[in-house]
2 protein chains.
Amino acid sequence: MSQEIMGMLTKDAPIGVFDSGVGGLTVVREIMRQIPNEKIIYFGDTARVPYGSKSKDTVTRFSRQIVRFLQTHNVKTIVIACNTASAYALEDLEKEIDIPVIGVVKPGAKVASEVTRNGKIGVIATEATIGSKIYSKYITEINKDVTIFGKACPLFVPLVEEGLWQDPVTDEIARRYLAELIDIDIDTLILGCTHYPLIRSTVAKIMGEDVTLVNPAYETARELKELLKEKGLLNEKQPALGENQYRFFVSDGAEKFKRFANSIIKYGILSAKTINIEEY
Amino acid sequence: MSQEIMGMLTKDAPIGVFDSGVGGLTVVREIMRQIPNEKIIYFGDTARVPYGSKSKDTVTRFSRQIVRFLQTHNVKTIVIACNTASAYALEDLEKEIDIPVIGVVKPGAKVASEVTRNGKIGVIATEATIGSKIYSKYITEINKDVTIFGKACPLFVPLVEEGLWQDPVTDEIARRYLAELIDIDIDTLILGCTHYPLIRSTVAKIMGEDVTLVNPAYETARELKELLKEKGLLNEKQPALGENQYRFFVSDGAEKFKRFANSIIKYGILSAKTINIEEY
């Protein structure tokens, strides 16, 4: 990022956050908690959700369109609140845009590599994130003495979206997905998809209390705060009452998004607007 | 359709078939069985799958792009092999294009209205198809003395795509979805999503042998044959050996599509090609 561009960014500009749909709201929730003065422009790509079963080219093309949309709102930084898009598109986007951009993978990888005691880390995520081996890459850059075991869990997203956060069916599917990670005796498990914090208690119950669960949403909000501080971009004043601090955009189904979003974010999402993302 | 356009269509032109992804292959399978001389151009919108949770506007926009793509292959007719797209886009497309276009909903509705004895018909489908009430509309146009009970089954598609065609989890989810239809005592059940024929045996087991299952894929191929006969467009000659009779295109993940497709169509899908559908 050039110094010139940095100088143009203002502290009270919003943070742009995007995801394939609703999962990224678990990241938004953490940002709201940890840096409550920040404004947020959220985009959920509900017309093309999910990303986790799609290819790198497609996810990168979609991510570029979304970044162009977010930049029309003069965001001061962009958070890719989607593991799949972070895995596939972060490195390209970092080169292409002039504002700071962070993903959810690196912060989760960093913490996992710090907390493991036996050097065996599990990652559960979408097919795409697991296939990209991106967590392995980042973790072994920090700590060479660990082994990473990835497991794709394609049914977790639909189960979460169906509302079965605590349900015998989700228990059964989770037991199947997690069995091999238990056999391998991992001591740390990364919830590598932004939907998964919503079934954290199911995963925790099956893995047992000796396994530390890492929630990249939490770590990302922490890293975002550090980044903004370091760049002098942290918003010091609380937005005025009546100012629209949190704005939500989707590519489809704004009403349905609002209903689901309000089950995740207790702050109350007053409105969500549909835009045609293919035009960006 | 104008007489002029009809005159330009040739018997040996291919049939265009499209779906949001792989589900439409259950329709392709029936077309291959019932009219084996026909050539097929299939498009699966795997970059934007699924459609069943998306809005009418979005699904119609996607369908228009796909129709433009299929028309570049000079198809003689178009089959919307997706219940959601048939529910949302068929009526608009019929007005907009100059070749015959048929969906999967009407043929299924017609047969269901004929086979019911007690006048109670169930429909299982995606949220979008159920929300559109399209089966009710078509069925009551034919037979006013029936009652239609719709039930959205959002987990069936991901369960099928995960390969759990016969599995205790699929049984359990199906039991939950179907319980109210059993209580209501329907005697006919429409498999209103092109993925569902793949879990037909699970549904049949739960519904019991007194309930007739209607498979719109089968009925659509039958109606397509009648339509082609009536228009003088049935291909009378078998395509030459070495001619590429069946061609498959997707918007993402051609290799993955091919693997899944070959589990549905035993003919062997030799190749699938990825195109950028947003350019159409």
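Predicted model: local features only at pLDDT ≥ 70, side-chain atom pairs only at ≥ 80, totals over all residues.
In chain A, an open sheet is built from four strands, arranged in the order β6-β5-β7-β8 with parallel pairing. Its edges are formed by β6 (147-152) and β8 (212-214) of chain A, each of which pairs on one side only. Direction ignored, neighbouring strands of this sheet are turned against each other by 25° on average. Within the sheet, strand β5 (residues 120-125) of chain A is joined to strand β7 (residues 188-191) of chain A by four bridges in the parallel sense. In this part of the sheet, T188(A) of β7(A) is the residue that stands opposite I121(A).

Two helices of chain A were examined against this sheet. Helix α7 (residues 134-142) of chain A packs on the sheet and touches β5, β6 and β7 of chain A. The direction of α7 makes about 160° with that of β6(A). Helix α9 (residues 168-184) of chain A also packs on the sheet, with contacts to β5, β6 and β7 of chain A. For α9, the angle to the direction of β6(A) is about 165°.

Helix α2 (residues 25-34) of chain A packs against helix α11 (residues 216-230) of chain A at an angle of about 45°, and their axes lie 8 Å apart. On account of this angle, α2(A) is oblique to α11(A). The crossing of α2(A) and α11(A) is right-handed. From α2(A), the residues T26(A), V27(A), E30(A), I31(A) and Q34(A) take part in the contact. They meet A217(A), Y218(A), T220(A), A221(A), R222(A), L224(A) and K225(A) of α11(A). Classified by residue type, the contact of α2(A) with α11(A) comprises six nonpolar, three polar and three charged residues.

The relation between the two chains was considered next. Chain A is superposed on chain B by a rotation of 180° with 0.0 Å of shift along the rotation axis, and the RMSD is 0.0 Å. This relation is therefore that of a two-fold axis. R48(A) comes closest to the rotation axis of the residues of chain A, with its C-alpha at 2.2 Å. Both copies use the same surface, since 100% of the contact residues of chain A recur in chain B.

Each side of the contact was then described by its residues. Chain A supplies 15 residues and chain B supplies 15 residues. On the side of chain A that touches chain B, α9(A) gives the most, with three residues. By class, this side of chain A divides into six nonpolar, three polar and six charged residues.

In chain A, V49(A) and P50(A) are joined by a cis peptide bond with omega of about -5°. P50(A) is located in the loop between β2 (40-44) and α3 (56-71) of chain A. In chain B, the peptide bond from V49(B) to P50(B) is likewise cis, and its omega is near -5°. The loop between β2 (40-44) and α3 (56-71) of chain B holds P50(B). A further feature concerns K133(A), which has a positive phi of about 55° although it is not a glycine. K133(A) belongs to the loop between α6 (127-132) and α7 of chain A.

Notes
Residues numbered from 1 in each chain as written. Chains lettered and ligands numbered in written order. Pairing = 2+ DSSP bridges. Axes fitted to C-alpha atoms, helices over the stretch in contact; angles between N-to-C directions. Contact = placed C-beta atoms within 7 Å. Parallel < 35°, antiparallel > 145°, perpendicular 65-115°, else oblique. Left-handed = near helix turned anticlockwise from the far one by under 90°. Nonpolar A, V, L, I, M, F, W, Y, C, P; charged D, E, K, R; others polar. Least-squares fit on C-alpha atoms with pLDDT ≥ 70 in both.
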